[in-house]
Amino acid sequence: MIYTVTFNPAVDYVIHIDSIKQGTVNRSSHEKIYFGGKGINISLILAQLGIKSVALGFTAGFTGEAIESYMENSGIETDFVHLESGFSRINIKLKSSEETEINGQGADITKNKIDEFFRKLNRLNDGDTLILAGSVPKSMPSDIYEKILEYIKPKKIRIVVDAEKNLLLPTLKYNPFLIKPNHIELSEIFNKKIESTKEIIKYAHELQNAGAVNVIVSRGGKGAVLVDEYKKAHSCRAYDGTVKNTVGAGDSMIAGFLAGYKFKDYKYALNFSVVCGCATAFSDGLASREDIYRLNHGRKSKG
């Protein structure tokens, strides 16, 4: 079973408006609501691909109830810790001539609720996959990723980590099966501007030397590079298309990689990872199954 962790899930309220005038009433042209958080996004894409997962993390209040309801209606099992006060965050996305975002903080997570979350990790068994993705709320310990991996260390769990430098680096000693920094994050990790494919491969090998098994470096419109567990490098170009939304594209790549890896073919897994990422980038929200397989068929037809 695949388990995803989202510490601070969100309701994204996306408002489209022709122009914004300060100090007066503004009317939207249309609005949409999305439910997200990196782990949740991964679970949602896995569900589109017919792969079951369990969503772990924390929810609170009426927004938390809405997030859980949406997940369950999408065919995803949830096992969230329910916080006693506050509400899961609401992020406001104003889309006009310029894009403005206001991200909520979310509810505070107390120590006893963190302890409850750790008890839920006891359901993981040998051979399961645990995905840690995204930032850590201020009310949680900054080393929570490391604490989680230490807790599950006695079991043979396949670990996936997608997080910024300070969260990612301490996890490498636990030999995560997959990490996915983007090219900007890779540059931040090594305090050096890294752009070329040759440089990306070099520094991906450095991350492997530190403990990572497989390293995908996403490159936005340039596609992605994978250095697999056998030290072999693979690259895959991105599709041409109209980018509508970059939120969730990286999460879609992780879901696509895990789905593609079932064939034990790293080149195929990388290709399908990029397909899923592009399909989301070309959609208003997360990609649908139809979006993904339409794009994947197009890739195959190009040879």
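Colleague: Which loop holds Asn191 in this model?

Modeller: Bear in mind that this is a predicted model. On one side of Asn191 sits α6 (183-190), and on the other α7 (197-209).

Modeller: Asn191 has a positive phi of about 50°, although it isn't a glycine. Its relative accessibility comes to 71%. The cut-off for exposed is over 50%, so Asn191 counts as exposed.

Colleague: And Asn175, is that one buried, partly exposed or exposed?

Modeller: Asn175 is another non-glycine with a positive phi, about 55° here. You'll find Asn175 in the loop between α5 (165-168) and β10 (178-179). With a relative accessibility of 46%, and buried meaning under 20% and exposed over 50%, Asn175 counts as partly exposed.

Colleague: How many charged residues are in the contact of α3 with α4?

Modeller: The crossing of α3 and α4 is right-handed. On the α3 side the contact uses Ile114, Phe117 and Phe118, and on the α4 side Ile144, Lys147, Ile148 and Tyr151. Sorted by class, that gives six nonpolar residues, no polar ones, and for charged ones the count is one.

Colleague: Which residues touch the most other members of the largest nonpolar core?

Modeller: That core has 45 residues. Take Ile148: leaving out residues up to four places away in sequence, Ile148 touches Phe7, Phe117, Phe118, Leu121, Leu130 and Leu132. The residues touching the most other members are Phe7, Phe117, Leu130 and Ile148.

Colleague: What is the angle between α8 and α9?

Modeller: Helix α8 (residues 249-260) passes helix α9 (residues 266-281) with the axes 7 Å apart, in a right-handed crossing. Among the residues that meet are Gly256 and Phe257 in α8, and Ala269 and Gly277 in α9. By class the contact has 11 nonpolar, six polar and no charged residues. The packing angle is about 150°.

Technical notes: Residues numbered from 1 in each chain as written. Predicted model: local features only at pLDDT ≥ 70, side-chain atom pairs only at ≥ 80, totals over all residues. Heavy atoms only, no water. Left-handed = near helix turned anticlockwise from the far one by under 90°. Helix = DSSP H or I, 4+ residues; strand = E, 2+ residues; numbered from the N terminus. Contact = heavy atoms within 4.5 Å. Nonpolar A, V, L, I, M, F, W, Y, C, P; charged D, E, K, R; others polar. Core = buried A, V, L, I, M, F, W, Y, C linked by side-chain atoms within 4.5 Å. Buried < 20%, exposed > 50% of the residue type's maximum accessible area, 1.4 Å probe, protein only. Axes fitted to C-alpha atoms, helices over the stretch in contact; angles between N-to-C directions.
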